[in-house]
Amino acid sequence: MKFKMTPLEKKWVLYDVGNSAFTLLVSTLLPIFFNTIASNAGVSDSDYLAWWAYATSISTAIAAVLGPTLGTLSDLRGVRKKIFSVSILIGALGCAVLGFVQHWIWFLVLFIVAKSAYQMSLVVYDSMLCDVSSRERMDEVSSRGYAWGYIGSCIPFILTIVVYVLHEMFGFLPLMPAMVLVFMIVAIWWIACSIPLWRNYEQKHCIESGGHPVRTGLKNLGGVFRELGHKKRILFFLLAFFFFIDGVYTIIDMATAYGTSLGLDTVSLVIALLVTQVVAFPSAILLGMLSRKVKSEYLIIACIIAYFFITVYAVFLDQEYEFWILAVCVGLFQGTIQAMSRSYYAKIIPHEKAGEYFGIYDIFGKGAAFIGTMLVSVVTQLTDSVNMGAIPIVCLFVAGLAMFIVAAKYNKPFIAQSQRLENEAEALEAAQQNTD
């Protein structure tokens, strides 16, 4: 049977298309522009890399601190949409203004603000899945989000690449006009794709505020951390997610450096990135469709095992054509493992506390974002081999698989019970509407 998304689900997916454009910008052209600005100011290459790493780490730390706090506040009635709106406005405005900034320090400050706001919007956005879809549809809707995000973000990305080529290779555009155009394209795309969801979203699951919103939110957040000790189904999943998503993020973060070590030039790396995005689109949709017949637990396990073999393959990789094979293989599973993890988590958490639980989910993701790259760096330096640096990633997937199998054991009866209760509630609501 053909899967048809509701209008609200389509609008939720569209935001993934919008924010993914910023993700691509951060991983490609933004560091290049910063390098140019810093070099013009006399900043050395080593200092440029250090300052860029500091800025990235600071934005990650801010997101890790604010994520659970704002996520908890977003669970209060009428607050989620407000936090979502403010995060988008700050992030998109910061992105747009970046093009006008020519001082490297202020450039970094604005980047930190924009990326932190972007990450805050994702915490709230992920929690919205509990409001826009039902448990039996979450896997496929989440997969559609990642799939369309991958392919849709290629449109502004290609436009920005054209602008960059006009500046860098043909000299038709000076640096500042090129930067203004690049950042404005992404900012406008981001906001335009968020408007439909912003206009139509209504918060269904929420907590009533018993007093001052901030005080109530912080009190609820403390309660959630205490709850995790008793909710093993959630705790073990978060531990599993920490390990396997660490491996996924490390592959994403290190892909450019890995390709460079094999002799790929900038153009080849950009094309390889596009290939990954294009492959991820149909793959995420097809595996999302498969979730109708195959339990999401099995799909996540299959993705982890696939990533295990991909990483083992990377250990022995030494030719440029093998990197292209690696890019295609990563694209096959990259969207699915992220989409299924998001929807699986959404199924096992209390929906009225979705914001705070997704804030904690974000902490585990952010913590994983730098540990894997650190391990790769240490092993690479100790062994003086880029290939051997992939071994820690293999270990991360093994640990993640073991933890997830334990988590699935605890989650199985809970998901079945939650699904039954949700179906009964929907049937009761439909009966009441027919009576009216």
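**A nonpolar patch and a set of aromatic pairs**

Helix α5 is the biggest contributor to the nonpolar patch, giving 4 residues. This is a predicted model. The patch covers about 520 Å² of the surface. Its members are Val 86, Ile 90, Ile 105, Trp 106, Val 109 and Val 113. Two helices, α4 (80-98) and α5 (104-132), each supply at least two of the patch residues.

Take Val 109, which sits in helix α5. Its relative accessible area is 36%. Buried means under 20% and exposed means over 50%, with partly exposed in between. Val 109 therefore counts as partly exposed.

Now turn to the rings. The whole structure holds 30 aromatic pairs. One of them joins Phe 22 and Tyr 118. Their ring centres are 5.1 Å apart and their planes meet at 50 degrees, so the pair is tilted. Phe 22 belongs to helix α1 (residues 7-27), while Tyr 118 belongs to helix α5, so the pair ties together parts that lie 96 residues apart in sequence. Phe 22 and Tyr 118 are both buried.

The charged end of Lys 81 sits over the ring of Trp 198, at 5.5 Å from the ring centre.

Terms used
Residues are numbered from 1 along each chain as its sequence is written. This is a predicted model: local features need pLDDT of at least 70, side-chain atom pairs count only at pLDDT 80 or more; totals for chains, interfaces and linings use all residues. Side-chain values use heavy atoms; hydrogens and water are left out. Patches are made of residues with over 30% relative accessible area and no salt bridge: like charges are joined within 9 Å, nonpolar side chains (Val, Leu, Ile, Met, Phe, Trp, Tyr) within 5 Å. Accessible areas come from the Shrake-Rupley method with a 1.4 Å probe; for residues, only the protein chains shown count as cover. A salt bridge is a side-chain nitrogen of Lys or Arg within 4 Å of a carboxyl oxygen of Asp or Glu. Buried means under 20% relative accessible area, exposed over 50%, partly exposed in between (1.4 Å probe, protein chains only). Rings of Phe, Tyr and Trp (its six-membered ring) pair if their centres lie within 6.5 Å; planes under 30 degrees apart count as stacked, over 60 as edge-to-face and the rest as tilted. A charge sits over a ring if NZ of Lys or CZ of Arg is within 6 Å of the ring centre and within 35 degrees of the ring normal.
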